[in-house]
Amino acid sequence: MCLIADVNYDRVITMEEKEHVRLWNECLKIINDNIPSKAYECWFEPIVPESWDKDKKMLTIVVPSNFYAEYLDEHYQDLLKSTFARVMGAGTNLSYTIIQEKATNTTVQCRSGYVNPVKEKEQSDMENYNPFPAIPTRRKIDPQLNPHYTFDTFVEGECNKLARSAGMKIAENPGKNTFNPLFIYGGSGLGKTHLAQAIGWATLEQYPDKKVLYIDSNRFQAQYTNAHLHNRVNDFIAFYQMVDLLIVDDIQFFAGKTGTQSVFFQIFNHLQMNGKQIILIADQSPKLLQGLDDRMLTRFRWGLNAEIALPNPETRKAILKSKVHTDGLTIPDNVLDYIADHVSDSVRELEGVINSLLAQSTLTDVEINLDLVRKVVNCLVSAPERTISVSSIQDAVCGYYGLEPHMLQSNSRKREVVQARQIAMYLSRKYTKVSLSSIGEQIGNRDHATVLYAVKSIQNLVEVDKEVQYSVEAIEASLK
Ligand code: ADP
Ligand code: MG
């Protein structure tokens, strides 16, 4: 935030005695007494007073960016208003002059998807606008939501019931509910992104003025790096802190990125303290996420953790029917039933089969029937992967260690058996979508905490112990 001081340094010196400087300094004394010193240093010290128009009762101050001006409006409007009333009298107006950002910065940020960048068009709107007496029209941000991902197109099933109903409640009352943050987790292609975005759309429908924003963790990370490079981390943080509903997807990719995590943590805390809604998405529950700060994981558990699981055949059928209906297709029911019975790994895979079916039938001009669907499903659904189950993993592990199958089920504490058992649990977690408790049940009736411990132990060992790493890789190869 030294930008202003640098740019206007000479001007500040020569203006020292002028009226607007005197008035602003008076205001600063009051502001300084009323807010925490960190906030004062961050948000008020960098401001330079520009002019005072006595007739219009208008004070103009220079701020570095439109984010900054919005932040002041959002957080300090009341304080500024009452301070001005004390120093300059009631009815005082405030106007911002915004230092133009370099054009190069703008393009870089746009390309990396920086939402609400300092676009020239918007910037001119922001210059010299008067936030008083009424709150200025709040500029909208592009929520970055996919128009197809709504509740209307999201089929409810046992697999997503909890997450879906929590999502609907959130849209009714974002931020003011017990599901903050809502943490949605589950395997790939099961509808996490779709559901989270549907919550975003439903919120906007009910509260069109709310700022809703969807961002995936990689993009967030790229924006942060970019902001860091251009000395604009404060603007970056301020921008995210103004959002009313923030959806961050695939946060498992924050693993190991400590800088991004710490900035995200700051944003997260601010939003939560100010009653703003947060929705987080990951491929694992907070308990199993690796490489994320423990403080952050603890906070993630404060709200609601809702898993989206694999859909059962009934839900798969309903999803297929809904897709066919939405896309205006005609596919016989027995074909849809065949797909639902044979494609069970993810919803994305179901959609893939429908798309291939359409392509095949259009290109070769054949009717969509059971024969065609059998061919398509055989081609698309990789059989070996589908046969990996907790029991086939146990067979592979026993084969590798030369153990009798019942040994994994037993209570033997022999080192080799314990390790084999833990590897079986680890691989079951990695290659199947079976829950921790069900894995435990299938491996000697153990509880989910034991499985969790085993998964974490092997995860750590694979990184540091070459022998374990070799064994795990060899067993994995035999599974495929
Ligand atoms: P994830 O984020 O869990 O990897 P997505 O949200 O990207 O999965 O979903 C993959 C595809 O499956 C998307 O096209 C989505 O619309 C569709 N889909 C997933 N779940 C459902 C559902 N319950 N109803 C309708 N479509 C779904
Ligand atoms: Mg996703």
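Which residues of strand β4 (residues 182–185) are buried on one side and which on the other? In this predicted model, for which local features need pLDDT of at least 70 and side-chain atom pairs count only at pLDDT 80 or more, while totals for chains, interfaces and linings use all residues, residues are numbered from 1 along each chain as its sequence is written. Chains are lettered from A and ligands numbered from 1 in the order in which they are written, and side-chain values use heavy atoms, with hydrogens and water left out.

Strand β4 is covered on both faces, with L182 and I184 buried on one side and F183 and Y185 buried on the other. Here buried denotes a relative accessible area under 20%, exposed one over 50%, and partly exposed a value in between, computed with a 1.4 Å probe on protein chains only. Helices (H or I, at least four residues) and strands (E, at least two) are DSSP runs, numbered from the N terminus, and two strands are taken to pair if DSSP finds at least two bridges between them. On this basis β4 pairs with β7 in the parallel sense over four bridges, and L182 has I279 as its bridge partner in β7. Strand β4 also pairs in the parallel sense with strand β8 (residues 304–307), again over four bridges, and in β8 the bridge partner of L182 is L304.

A further sheet is open and consists of three strands in the order β1-β2-β3, with mixed pairing. Its edge strands are β1 and β3 (93–98), each of which pairs on one side only. The twist from one strand to the next averages 25 degrees; axes are lines fitted to C-alpha atoms, for helices over the stretch in contact, and angles run from 0 to 180 degrees between N-to-C directions. Within this sheet, strand β1 (residues 48–53) and strand β2 (residues 58–63) pair in the antiparallel sense over five bridges.

Helix α2 (residues 19–34) lies across β1 and β2 and runs at about 115 degrees to β1, whereas α4 lies across β2 and β3 and runs at about 155 degrees to β3.

Two packed helices are described by the angle between their axes and the distance between the axes. For α4 and helix α10 (residues 233–241), the angle is about 45 degrees and the axes are 9 Å apart. That angle makes α4 oblique to α10, since angles under 35 degrees count as roughly parallel, over 145 as roughly antiparallel, 65 to 115 as roughly perpendicular and the rest as oblique.

The structure holds eleven salt bridges, each defined as a side-chain nitrogen of Lys or Arg within 4 Å of a carboxyl oxygen of Asp or Glu. One of them joins K276 to E74, with the closest N and O atoms 3.7 Å apart. This pair links distant parts of the chain, as K276 lies in the loop between α11 (258–273) and β7 (277–282) and E74 in helix α4 (residues 66–87), 202 residues apart. K276 counts as buried at 15% relative accessibility, whereas E74, at 29%, counts as partly exposed.

A further salt bridge connects E476 and K430, whose closest N and O atoms are 2.7 Å apart. Because E476 lies in helix α23 (residues 466–479) and K430 in helix α20 (residues 415–431), the pair ties together parts that are 46 residues apart in sequence. E476 is buried, with a relative accessible area of 11%, and K430 is partly exposed, with a relative accessible area of 47%. Salt bridges that share partners also join E74, D244 and K276 into one network.

How values were computed. Contact means heavy atoms within 4.5 Å.
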